[in-house]
Amino acid sequence: SDAEQQRRFDELIAADERIEPRDWMPAGYRKTLIRQIAQHAHSEIIGMQPEANWITRAPSLKRKAILLAKVQDEAGHGLYLYGAAETLGVERAELMDLLHTGRQKYSSIFNYPTLTWADMGAIGWLVDGAAIVNQVPLCRCSYGPYARAMVRICKEESFHQRQGFEILYTLSRGTEAQGEMLQDAVNRWWWPSLMMFGPPDDESPNSAQSMAWGIKRHSNDDLRQRFVDMTVPQAEVLGVTLPDPELKYDDGHWRYGPIDWAEFAAVLKGRGPCNRQRIEHRRKAHEDGAWVREAATAYADKQTARSQR
Ligand code: ACO
């Protein structure tokens with residue numbers, strides 16, 4: 001009966017065991033996971049755009065090869081995550097459609113422009129740094145396929161974070177103009193990176209239930225604080241300032257000033273600097289890829305017909 005299945009599910013969650021695709025799960029649990037995993041997958045795919053913008057302009061062949069590999073990693077992350085979402089009974093095509101029609105979100109961070117080469121460093125250091133802090137606990141998510149996908153994704157994210165820091169470290173020892181470019185990039189990416197963790201805990205509608213289900217392991221504000229504590233000493237190594245006059249060390253933590261939640265809300269509503277461009281580019285890429293999907297389907301049909309002969 002449903003009550004028995006619910007009891008079994010509650011026991012698995014209480015024992016911190018994993019829920020697998022064939023297990024019974026409450027409709028709300030399934031729906032929340034589809035939402036979060038799909039948003040996460042969309043973020044990886046949309047997140048390729050700001051960096052792809054710099055592939056042809058990377059300052060050396062080596063930098064170009066690294067950036068190219070990184071952007072390809074993001075495509076891979078998107079694919080594992082769509083795969084994990086599909087284990088919950090949704091079709092990838094349906095999720096893409098929800099993204100293209102603005103009915104499913106992707107991370108706010110990817111609606112900001114990448115104006116200089118230093119932005120490649122700032123994205124690696126701050127954006128991927130924030131992504132790791134948010135995603136390492138997801139390796140222990142109660143839903144098995146999502147948790148397992150996160151293990152590999154986090155390993156690659158750590159590499160991305162290191163490469164970003166290394167770009168900035170190189171700039172920090174360069175010319176005065178390079179130092180200014182570095183500081184400008186950090187100024188522009190700092191606050192949007194803090195917004196990546198989502199709304200404050202008392203305005204986060206999904207947190208309590210997601211934590212009870214073992215989908216989220218820490219609150220948005222806890223992870224944000226962890227990120228700030230980790231990042232401030234790294235900024236000192238780079239010799240940059242963070243654009244927050246209220247930042248101060250107190251009782252074991254770096255306390256930060258108020259976040260502009262009106263800006264976050266505007267970006268979520270589609271009014272960030274690059275929202276339109278990101279979605280238009282994604283839709284066009286999807287349309288341009290129609291022939292690949294048609295060819296793959298025709299090939300699969302031919303193989304099926306042949307095997308049935
Ligand atoms: N950008 C866009 N939307 C956001 C963001 C953000 N930075 N933060 C929160 N939201 C959305 C939530 O998705 C939720 O939307 P919905 O309920 O309308 O679908 C709404 O704002 C309210 O927020 P919460 O109740 O706090 O939502 P949730 O419990 O899902 O927590 C969080 C948000 C922390 C982002 C969570 O979904 C998560 O951990 N996701 C997995 C990680 C991820 O998606 N990372 C993507 C960026 S990192 C990268 O790709 C490099």
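1. How do the residues of the shell around the ligand divide into nonpolar, polar and charged? The shell holds 12 nonpolar, 12 polar and 4 charged residues, where Ala, Val, Leu, Ile, Met, Phe, Trp, Tyr, Cys and Pro count as nonpolar, Asp, Glu, Lys and Arg as charged, and the others, Gly among them, as polar.

2. On the basis of these remarks: the model is predicted, local features need pLDDT of at least 70 and side-chain atom pairs count only at pLDDT 80 or more, whereas totals for chains, interfaces and linings use all residues. Residues are numbered from 1 along each chain as its sequence is written, and side-chain values use heavy atoms, with hydrogens and water left out.

3. The ligand is surrounded by 28 residues, and the closest are Gln39, Lys105, Ser108, Ser204 and Lys216; a residue counts as near if one of its heavy atoms lies within 4 Å of the molecule. Helix 2 (27-46), helix 6 (118-135) and helix 11 (261-268) each give at least two residues to this shell, and helix 2 supplies the largest share, 6 residues. Helices are DSSP runs (H or I, at least four residues), numbered from the N terminus.

4. Serine 204 places a polar side-chain atom 2.7 Å from an oxygen atom of the ligand, while serine 108 uses a backbone N or O atom, which lies 2.8 Å from a ligand nitrogen atom. For glutamine 36, a polar side-chain atom lies 3.5 Å from a nitrogen atom of the ligand. Taken alone the ligand exposes 960 Å², of which the protein buries 88%, with accessible areas from the Shrake-Rupley method and a 1.4 Å probe.

5. The space that the ligand takes is the largest pocket, a molecule being placed in a pocket if more than half of its atoms lie within 2 Å of the grid points. On a 1 Å grid over the protein atoms alone, a pocket is an open set with protein on both sides within 12 Å along at least five of seven lines, a cavity is a set of points where a 1.4 Å probe fits but cannot get out, and lining residues have an atom within 4 Å of a point.

6. The largest pocket has a volume of about 1100 Å³, a volume being the space filled by probe spheres set on the grid points, which are joined across faces, edges and corners. It is lined by 43 residues, of which Gln39, Ser107, Met196, Phe197 and Gly198 are the closest to its centre. Helix 6 gives the largest share of this lining, 7 residues, and by class the lining has 19 nonpolar, 14 polar and 10 charged residues.

7. The second largest pocket holds about 550 Å³ of space, and of its 23 lining residues the closest to the centre are Ile45, Met48, Arg282, Ala285 and His286. Helix 12 (275-288) is among the elements that give two or more residues to this lining, and helix 12 gives the most, with 6 residues. The lining of the second largest pocket divides into 12 nonpolar, 7 polar and 4 charged residues.

8. A search of the whole structure finds 1 cavity of 30 Å³ or more. The largest cavity, with a volume of about 30 Å³, is lined by Arg63, Ile66, Leu67, Trp117, Gln163 and Ile167.

Terms used: Polar contact = N/O pair within 3.5 Å; in protein donor to acceptor, adjacent residues only side chain to side chain.
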